[in-house]
Amino acid sequence: MDPMPQSPTTVLNWTHRLHTLGEDFYTRLPPQGLPSPVWGSRNHALLAELDWPEALFDDTGLQAFAGNVVLSGSEPVATVYSGHQFGVWAGQLGDGRALLLGEAQSNQGPQEIQLKGAGRTPYSRMGDGRAVLRSSIREYLCSEAMHGLGIPTTRALCLVGSPMPVYRERAETAAVVARVAPSFLRFGHFEHFAAGGRTDLLQQLADHAIEHHLPQALSLAPHWQGNRYAGLLDEVVQRTAHLVAQWQAAGFCHGVMNTDNMSLLGLTLDYGPFQFMDGFAPGHICNHSDTHGRYAWDEQPNVAYWNLLALGQALQPLIGDVELTRKVLKTFESHFVRAMGDAMRAKLGLIGPMATDAQREADWLLVQALLQCLAQERVDYPLFWRRLSVAMAHEDGTWHMDAPRWRDVLALWLYPQAFEAWLGRYRQRMALAQPAALGQTMLRTNPKYVLRNHLAEVAIRQAEQGDFSEVDTLLALLQSPFDEHPEHDSRAQLPPDWAAHLQLSCSS
Ligand code: AMP
Ligand code: MG
């Protein structure tokens, strides 16, 4: 089937476990290459983490990641899935422009490698199978930014550009991101076989997922009458609750939380019109195509739950007990509340595993009061947390509001009285703690460098002129976002006025 040249040497130790599922789950096909490829960026840190050979980043690697040759031993496939988009059943979707090269052994266990933008597949529908440079840079940088923040995500190994034109609202150029994850399984894969009434294939897929990716399902099963599929759902519920709590705490909006963009492993997946909020606005909608705000920041936990209901419904033929499925799904709320509370408490330096339920509840009221206060004046979310952390790290217990450290925090407000009142409550809560020591911990929790829209935009505009240096600069900063990097202070400031006019849509 494959007239395409293979790279001469085998540099990866392929495992290809997904391929054992058989051809009901995917279509084999070669990538469609990009002409005149150039390296946009190579993620040497990830390559080292995986202990994959540098040879992947040489000239043959460039041709392989551009889709012009097939890495020796790789067996490219596009998988089939379905899903709900914007709350409506969309039927069959599938890897329309992502091609799975296969799964290879690594230092971090087996990892799948996908090329995103490597041409049409049987699942491309009306699409061209391509990804534009603009959106590829955003996915490349945000994958690594998320990882730098400690938030579960698919990773990005490299970015390849090409002069090949791709037409969206305007003429742009093509690119490929090579992304890496233990598995790219989505809720939509399960919905697909459930909707088609193929319980046999659904079970095969669920057993595969449990055996290779989510063995925790087996230890959870005893809580659910020994039902391993209820255990699977429980594990996915927990991972999703944890993921969305991390998103909320980071001020991250995914933008397109369709069920086909939800990872079974609880990873952030499919970066499109995402945004890290600048000024804090709970109802913020980052996706220009999301006219009703279904995926607004403060809706994300509800949407995650809705998506889990869709997964639960898909797994229902295997679980075989509606009441049991309902009970598993209901646990989402308590997992989310706990994870969100802990994430926000950590941002405030209120750490300590010994917290009682009463303490957690009191702390949550403190968090809510602060968020209201931030929302009232749309205070810049990343800067607020970082400046609060810096102030705390320098606080000597005197809490002098006119000390420079506090002046920086107060300067973020037009009317700082509400914040000062809140600070009084925070001080009381801190009464027995060492603020400076907590401040040091907060500096490792509240990042200095965040992939704001305007930072990505500057890197994109330069890359579109052939200069990828800003992509590499941002990559390095976002991989260690808690470090000071004082020479890059300008990239940790308020957004410029023009950033307010940036529009992001599903078009990518
Ligand atoms: P997304 O909104 O990016 O999550 O994509 C939803 C579905 O549309 C998935 O099945 C994608 O593979 C497919 N898709 C999106 N863009 C393209 C494109 N340019 N060419 C082919 N398929 C696409
Ligand atoms: Mg998608």
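A residue counts as buried when its relative accessible area is under 20%, computed with a 1.4 Å probe on protein chains only. In this predicted model, that cut-off applies to D270, which is buried because its relative accessible area is 12%.

| Residue | Relative accessible area |
|---|---|
| D270 | 12% |

Setting aside neighbours within four places in sequence, G40 is in contact with L159, V160, G161, F468 and D472. The C-alpha atoms of G40 and D489, which are 449 residues apart along the chain, are separated by 24 Å.

The domain assignment divides the protein chain into domain 1 (18-184), domain 2 (188-346) and domain 3 (350-443), and the C-alpha centres of domain 1 and domain 3 lie 41 Å apart.

Helix α4 (residues 187-195) packs with helix α5 (residues 199-212) at an angle of about 155 degrees, their axes being 8 Å apart. Because angles over 145 degrees count as roughly antiparallel, α4 is described as roughly antiparallel to α5. In this contact, H189, F190, F193 and A194 of α4 meet L201, L202, L205, A206 and A209 of α5, and the residues involved divide into eight nonpolar, one polar and no charged.

How values were computed
Residues are numbered from 1 along each chain as its sequence is written. Chains are lettered from A and ligands numbered from 1 in the order in which they are written. This is a predicted model: local features need pLDDT of at least 70, side-chain atom pairs count only at pLDDT 80 or more; totals for chains, interfaces and linings use all residues. Side-chain values use heavy atoms; hydrogens and water are left out. Buried means under 20% relative accessible area, exposed over 50%, partly exposed in between (1.4 Å probe, protein chains only). Domain bounds come from an automatic or database domain assignment. Contact means heavy atoms within 4.5 Å. Axes are lines fitted to C-alpha atoms, for helices over the stretch in contact, and angles run from 0 to 180 degrees between N-to-C directions. Helices (H or I, at least four residues) and strands (E, at least two) are DSSP runs, numbered from the N terminus. Angles under 35 degrees count as roughly parallel, over 145 as roughly antiparallel, 65 to 115 as roughly perpendicular and the rest as oblique. Ala, Val, Leu, Ile, Met, Phe, Trp, Tyr, Cys and Pro count as nonpolar, Asp, Glu, Lys and Arg as charged, and the others, Gly among them, as polar.
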